[in-house]
Amino acid sequence: MKVITVANAGFCFGVKRAINIAFQSARDSKEGIYTLGPIIHNPQVVKKLADEGVRSVEDLDKEDIGKLIIRSHGVPTDVIEEASEKGIEIIDATCPFVKNAQKYAHLLGKEGYQVIIVGDRDHPEVKSILSYAGDRAVVVNRASLIDEIPLNDRVGIIAQTTQRHSIFQEVVLKCFEKAKEVKVYDTICNSTTTRQDETKRLAGEVDIVIVVGGKCSANTTQLATICKQMGTRTFHIEVPEEIEEDWFYGMEKVGVTAGASTPGWIIDSVIERIHDIDKKLSERRGV
């Protein structure tokens, strides 16, 4: 089997930056360092950080929190306020692209626009952006929802940084049909778009695609969805141990892509596992 990997698999700039900040914080101090929720959506990386002393909590009630690392997805404004009131030192590892979306959400709200955020309402990044957008802000994940909400005359649109461009564009067009004034900021990360385009091309060239990354990772899930929509046999895994030999029977070209929060060492181990399976299958065929 031939194994083809997309050029931009693995950590993006924002994730790499957040991880570096977290590991540096652990080297500087072993006590009282926490993240509110996982710093990125990759369980294996989160475990490595926990081993180094950077642990994840779900609220700020734990008494020994001395430093709070703001994860790459950002957090709502009230979390920052609560941490400050408790005297907790803030270490901001929010992805710069998410910061950008927060900035435009605040700007649009301040200028009197009803803010439309295109993304997943339950995603931590969207929750953080929403807190900057004002009381009239709404979150949609498809254009048809625009018909179901009371839309103001003046609408401002931004996106979750890992959103698919096609969905964002559909929402924008729908808003142009219904609102008198529409202001748009494309806050989708360039890295996200590049990965999605590369993955789409890959899915059109291979028999099977292995998508590597956290099951809770929005951008990794988007990659798997793109491959499936292309009609290509697709499996979304976190670790090589999930790979099954019978997936590759009769396969000649295998594609490997990975989300922006997937570390390189996991990608490498997945490729090694695929090569091991190929060797076994070849030996059985007597090749």
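Modeller: Let us begin with exposure: a residue is buried under 20% relative accessible area, exposed over 50%, and partly exposed in between (1.4 Å probe, protein chains only). By that scale Asp51 is exposed, with a relative accessible area of 56%. Please note that this is a predicted model, in which local features need pLDDT of at least 70 and side-chain atom pairs count only at pLDDT 80 or more, while totals for chains, interfaces and linings use all residues. Residues are numbered from 1 along each chain as its sequence is written, and side-chain values use heavy atoms, with hydrogens and water left out.

Biologist: Which residue forms a salt bridge with Asp51?

Modeller: In general, side chains of opposite charge can pair when their charged atoms come close. The term salt bridge is used for a side-chain nitrogen of Lys or Arg within 4 Å of a carboxyl oxygen of Asp or Glu. Here, Asp51 is joined in this way to Lys47, at 3.4 Å from N to O. Lys47 is likewise exposed, at 53% relative accessibility.

Biologist: Where do Asp51 and Lys47 lie?

Modeller: Helices (H or I, at least four residues) and strands (E, at least two) are DSSP runs, numbered from the N terminus. Both residues belong to helix α2 (residues 43-51), where they stand four residues apart, about one turn of the helix.

Biologist: How many salt bridges are there by this rule?

Modeller: The count is nine. One of them pairs Lys174 with Asp147, at 3.4 Å from N to O. This pair links distant parts of the chain, for Lys174 is in helix α6 and Asp147 in the loop between β7 and β8, 27 residues apart. Asp147 also forms a salt bridge with Lys178, the closest N and O atoms being 3.7 Å apart. Asp147 is partly exposed at 45% relative accessible area, and Lys178 is partly exposed at 40%. Together with Glu177, the residues Asp147, Lys174 and Lys178 make up a network of salt bridges.

Biologist: What is meant by a nonpolar core, and which members touch the most others in the largest one?

Modeller: A nonpolar core is a set of buried Ala, Val, Leu, Ile, Met, Phe, Trp, Tyr and Cys residues joined through side-chain atoms within 4.5 Å. The largest here has 19 residues, of which Ile116, Val118, Val140, Ile157 and Val171 touch the most other members. At least two residues come from each of β6 (114-118), β7 (138-140), β8 (154-159) and α6 (165-178). Helix α6 gives the most, with five residues.

Biologist: Is Ala26 buried or exposed?

Modeller: Ala26, in helix α1 (residues 13-28), is buried, with a relative accessible area of 2%. Between the C-alpha atoms of Ala26 and Lys16, ten residues apart along the chain, the separation is 15 Å.

Biologist: Is Thr220 buried or exposed?

Modeller: Thr220 is buried, with a relative accessible area of 0%. Its place is in helix α8 (residues 218-229). Thr220 and Ala83 are 137 residues apart in sequence, and their C-alpha atoms are 31 Å apart in space.

Biologist: Where is Glu85 placed, and is Glu85 buried or exposed?

Modeller: Glu85 is in helix α3 (residues 77-85). Glu85 is exposed, at 71% relative accessible area.
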